[in-house]
Amino acid sequence: MARFNVQQLVLDLHINWTPVIAATVCGTGALYLFLKWRNNQEIQKKILNARKRRDASLLQAEQAVQQFKMQNPDFESSSIVSLSLPELTGKLKDGSLQPDAVLYALMEKALEVNKNLNCSTEFLMESVAQLEDIKTQKKGLLYGVPISIKDNVSYEGHDTSCGVVSKLGQPALVDSVVVKVLKKQGAIPFIKTNIPQGLLNYDCSNPIYGQTLNPCNLQKSPGGSSGGEGALIGGGGSFLGIGTDIAGSIRIPASFCGICGFKPTAKRISARGISSCIKGQNSVLPSLGPLARDVESLALCMQALLCQDMFSLDPTVPPIPFNQEVYESSEPLRIGYYENDGYLQPSPSMARAFRETKDLLERAGHTLVPFQPLRLYHVFHELTLRGVMADGGRTFISQLKPSPIDPCIRNQDMILSTPGFIMRLISFVLKPFCPRMSATIDATHGVGSVAELWRIHANIEGYIQEVIAEWRRLNVDVLLCPMLGPAYNFTYCGRLNSALSYTSLYNLLNFPAGVVPVSAVTEEDEAQLSQYTGVHGDMWDKLFVKAVKGGVGLPVTVQCVSLPWQDEMCLRFMREVEQLTAKNKLTRKY
């Protein structure tokens, strides 16, 4: 019997199978590269198709405007687009203006603004057909008013892309509840506006539609995530828009673009039909609300939305109509205030605008009471960030694939895509030198168990009651605080989550909050940036200075806050700030 030769067997296998193994490896590699190439081709095709749809809608809008102008040689749009929303609704109701003239005037202006700012994802040409229905039914608080909507607000037959490729080519089957109600109130949605990739960022850029610019300065970000709304309204291309807010996404673009924005109590306005990249996240509730040129327009929108139609279409919305009596009250207020939240030192213009507003309110007879946010450092990291990112960002990252990653979210993508054990190690190493960054990185990787998530939810409930107890102890009606600003230079929004402390707190608490423009950055404000040290003196404080640098002339706002479900009180306070600011500017002129 022949002896079994192991060495010979190995040699034979090596000689006979090496080409097969090599071919298999090469074939697998070639197949992988081919599939990757084909996938990239499909991505680019989807992006190209989305851009073609947008460009086709722009062309259709231009042609519709030109046709209307040919049929109406005396048509002149500037006198229409310069009206305030209350003036416009008055003229539409008394018949001195017709809805078709208003729509084409706004469409023409929006085309001009979009050409400069790249703020639109699509014109809604169904708006032209809607004119016929409007003419036969002259009803509704927003009769004949063209309105803009954020990209993630569903409109039948159109994508709600959220700036990610994975949501392209999936047009909404029905209108969102808010669009249905707006239409019933006579409004005409005519344009959808741009957002950042994935919506979880306060810039406004994505790989599909590109970067939106600030109407006050083309070298600045318009803010986000409702950045297209902020830019369009700030540029004069819309009277009123609908946005969403989960950490300041209405208030930040309103502040950066010099307009008014309002985040209502969550669930006061129906969110049915609103798209998101983090569906199921319930630690910090998103809100849907209006952006406009003035507070009266915000109030009119809220009044129009809070109607029986909304309560019927979405029975989960509390049937609480708009309280006009509270909004129109002129009783003196007891106002809590803070100039510095203890987490982010306000920029010089933020602090000055806040102090000037506080002085105006005191001189007008209101009582101002010091109020400091409670345990904000812990709350920002352990409740807000860890709650929103409870799954370690996996849902968000899965929605981004297979999109190219936009520069505005590159930092977020890098942190969330890095294995958790590596980021925990980085967090540990950073802790002695940069504790704020360390705490943020640690919180961003979420929770380790369902039990831990439940503890966060319980702690959030406890914190809300703790803040309300302090509010009651001080017996305040509303709260005045600084608002993030001025508008950032590009790329900094994705690198400065630390700056969200002024806005995200009121999403966590679910308190209504809104912003009102009160001033503009001065040369002195700009000069004082050289002395800015920040609360922590870390890398983020230094980055904040770079972010806001070069802001002379840009708008600065303040933030107004009230208790949950007291949205009308918050708007009433905003209107008071707006009126006192306008009166003060008028006095200074003389």
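Strand E2, residues 146–150, pairs with strand E3, residues 188–193, in the parallel sense over five bridges. Pairing here requires at least two DSSP bridges between the strands. Strands are DSSP runs of E with at least two residues, helices are runs of H or I with at least four, and both are numbered from the N terminus. This is a predicted model: local features need pLDDT of at least 70, side-chain atom pairs count only at pLDDT 80 or more, and totals for chains, interfaces and linings use all residues. Residues are numbered from 1 along each chain as its sequence is written, and side-chain values use heavy atoms, leaving out hydrogens and water.

Within E3, Pro189 is the bridge partner of Ile147. Between E2 and E3 the chain passes through helix H6, residues 177–184, and this β-α-β crossover is right-handed, that is, clockwise from the first strand over the helix to the second with the strands pointing away from the viewer.

E2 also pairs with strand E6, residues 240–245, again parallel, over two bridges. There, Ser148 stands opposite Gly241.

Five of the five residues of E2 are buried, meaning under 20% relative accessible area with a 1.4 Å probe, protein chains only. Pro146, Ser148 and Lys150 point one way, Ile147 and Ile149 the other.

Now the helices. H17, residues 435–444, packs against H21, residues 539–548, at about 95°, with the axes 8 Å apart. H17 is therefore roughly perpendicular to H21, a label covering 65 to 115 degrees. Arg436, Met437 and Thr440 of H17 meet Met539, Trp540 and Asp541 of H21, with contact meaning heavy atoms within 4.5 Å.

Terms used. Buried means under 20% relative accessible area, exposed over 50%, partly exposed in between (1.4 Å probe, protein chains only). Axes are lines fitted to C-alpha atoms, for helices over the stretch in contact, and angles run from 0 to 180 degrees between N-to-C directions. Angles under 35 degrees count as roughly parallel, over 145 as roughly antiparallel, 65 to 115 as roughly perpendicular and the rest as oblique.
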